[in-house]
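Welcome, and please open the model in your viewer.

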Amino acid sequence: MPVWGFCRGLSSVGIRPKVGITLMAITRKNRVRRQGTGEGEGEGESSGPLCLLSNLPTAPHLQSSQLEFHLPVCFSRARGMSYQQHSSSSGSRMARRTFEFGRTHVVRPRGKHQATIVWLHGLGDNGSSLSQHLESLALPNIKWICPTAPTRPVALLGGFPCTAWFDVREISEDSPDDWEGLDASAAHIANLLSTEPADVKVGVGGFSMGAATALYSATCFALGKYANGSPYPINLRAVIGLSGWLPGSRSLRNKMEVSSDAARRASSLPIFLCHGTSDDVVPFNFGERSSRYLSSAGFRYVSFKSYDGLGHYTVPKEMDDVCQWLTARLGLEGYGS
């Protein structure tokens with residue numbers, strides 16, 4: 001069966017072999033070195049020579065491949081936006097961090113516009129790489145918005161700058177969460193959805209770190225606010241997380257219990273989680289425990305699906321399941337056309 005990283009089969013969207021970009025297998029301990037010619041990566045949007053390409057296929061027959069990715073740009077773009085966040089420091093001083101988000105790529109619906117989904121890439125990737133893949137899905141009534149995360153130093157990479165929705169030291173429940181970075185990304189997603197028509201259902205999904213950010217947005221929706229206390233403005237109708245984890249999982253239940261409104265909102269939001277049992281980047285039990293944490297916090301409609309032998313990538317069966325779930329949960333017309 002062909003492997004999906006961000007496309008349904010490498011040849012189906014114009015990806016053809018050519019020396020230029022070297023891909024090596026991704027493991028929890030490995031970093032991936034990318035040395036490119038400057039072509040085909042979102043018009044030069046490479047985040048540097050060293051980054052985790054966490055949503056590229058890592059099937060055995062691709063682990064040592066040399067591929068150049070040609071992804072034609074055939075969709076509209078929005079320029080990057082910046083957000084300023086304040087965080088407490090010593091004394092009464094306030095430290096200011098500015099997050100510059102990259103380009104946003106939009107895939108327009110081919111049929112009646114019934115839903116808009118913001119889809120978030122993994123660590124080190126960009127919105128361009130996802131768009132062609134999403135355009136090929138049999139969901140003609142969904143508008144896909146694919147933003148690009150800010151380029152920032154990532155502790156997991158020893159401080160090397162890479163596109164990331166938030167900083168992460170290690171993929172662990174004991175690792176401190178970057179609430180400032182999470183808030184900035186969740187606010188960026190909310191801003192992208194804020195101008196959608198009132199009769200269009202909106203949601204957020206993603207892969208790996210993008211999935212973690214999507215799940216954080218789900219908790220902001222339920223709590224009615226970001227971690228910094230600012231109100232969360234969007235009425236989410238669906239959340240999807242592939243091969244990801246839940247930031248702040250251990251404290252979520254206590255936060256939810258103090259608000260009846262939070263419990264009501266959580267009980268109304270459907271969430272679909274998928275994870276491969278052989279994932280060696282974000283371990284399978286992280287996804288499984290994220291599902292349990294959400295359910296125990298009051299999210300009643302959490303569906304968790306495991307994929308036997310699947311690593312840190314996606315396959316057609318998984319994406320077909322996503323399409324069917326979205327169609328059922330959002331009441332979409334025209335699935336499969």
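The side chain of Asn141 reaches the backbone nitrogen of Lys112 at 2.9 Å, a polar contact, meaning a pair of N or O atoms within 3.5 Å in which, within protein, one must be able to donate a hydrogen and the other to accept it, while residues adjacent in sequence count only if both atoms are side-chain atoms. Asn141 sits in the loop between helix H1 (128–135) and strand E10 (142–146); helices (H or I, at least four residues) and strands (E, at least two) are DSSP runs, numbered from the N terminus. With a relative accessible area of 6%, Asn141 is buried, where buried means under 20% relative accessible area, exposed over 50% and partly exposed in between (1.4 Å probe, protein chains only). Look also at Leu332: its C-alpha atom is 6.9 Å from that of Asn141, although 191 residues separate the two along the chain.

A word on what you are viewing: this is a predicted model, in which local features need pLDDT of at least 70 and side-chain atom pairs count only at pLDDT 80 or more, while totals for chains, interfaces and linings use all residues. Residues are numbered from 1 along each chain as its sequence is written, and side-chain values use heavy atoms, with hydrogens and water left out.

Which backbone nitrogens lie beside the side chain of Asp178? A polar atom of that side chain is 2.9 Å from the backbone nitrogen of Asp167, and one is 3.0 Å from the backbone nitrogen of Gly181. Asp178 belongs to the loop between strand E12 (160–163) and H2, and at 10% relative accessibility it counts as buried. Leaving aside neighbours within four places in sequence, Asp178 is in contact (heavy atoms within 4.5 Å) with Arg97, Arg152, Phe166 and Asp167.

Let us turn to helix packing. The axes of H2 (residues 179–193) and H3 (residues 209–223) come within 10 Å and cross at roughly 80°, so H2 is roughly perpendicular to H3. Axes here are lines fitted to C-alpha atoms, for helices over the stretch in contact, and angles run from 0 to 180 degrees between N-to-C directions. Angles under 35 degrees count as roughly parallel, over 145 as roughly antiparallel, 65 to 115 as roughly perpendicular and the rest as oblique. On the H2 side, Trp179, Leu182, Asp183, Ser185, Ala186 and Ile189 meet Thr213, Tyr216 and Ser217 of H3.

H3 also packs with helix H5 (residues 260–268), at an angle of about 135° and with the axes 7 Å apart; these two helices are therefore oblique to each other. Here Phe221, Ala222 and Leu223 of H3 meet Asp261, Ala262, Arg265, Ala266 and Ser268 of H5.

What covers the buried residues of H6? The cover includes H3, helix H4 (249–256), strand E15 (271–276) and strand E16 (302–307), and the buried residues in H6 are Phe284, Phe286, Gly287, Ser290, Ser291 and Leu294. After H6 comes Gly298, with a positive phi near 110°.

Finally, step back to the whole protein chain, which has 7 helices and 16 strands. Buried residues make up 56% of its 337 residues. Among contacts between residues at least 6 apart in sequence, 75% join residues at least 24 apart.
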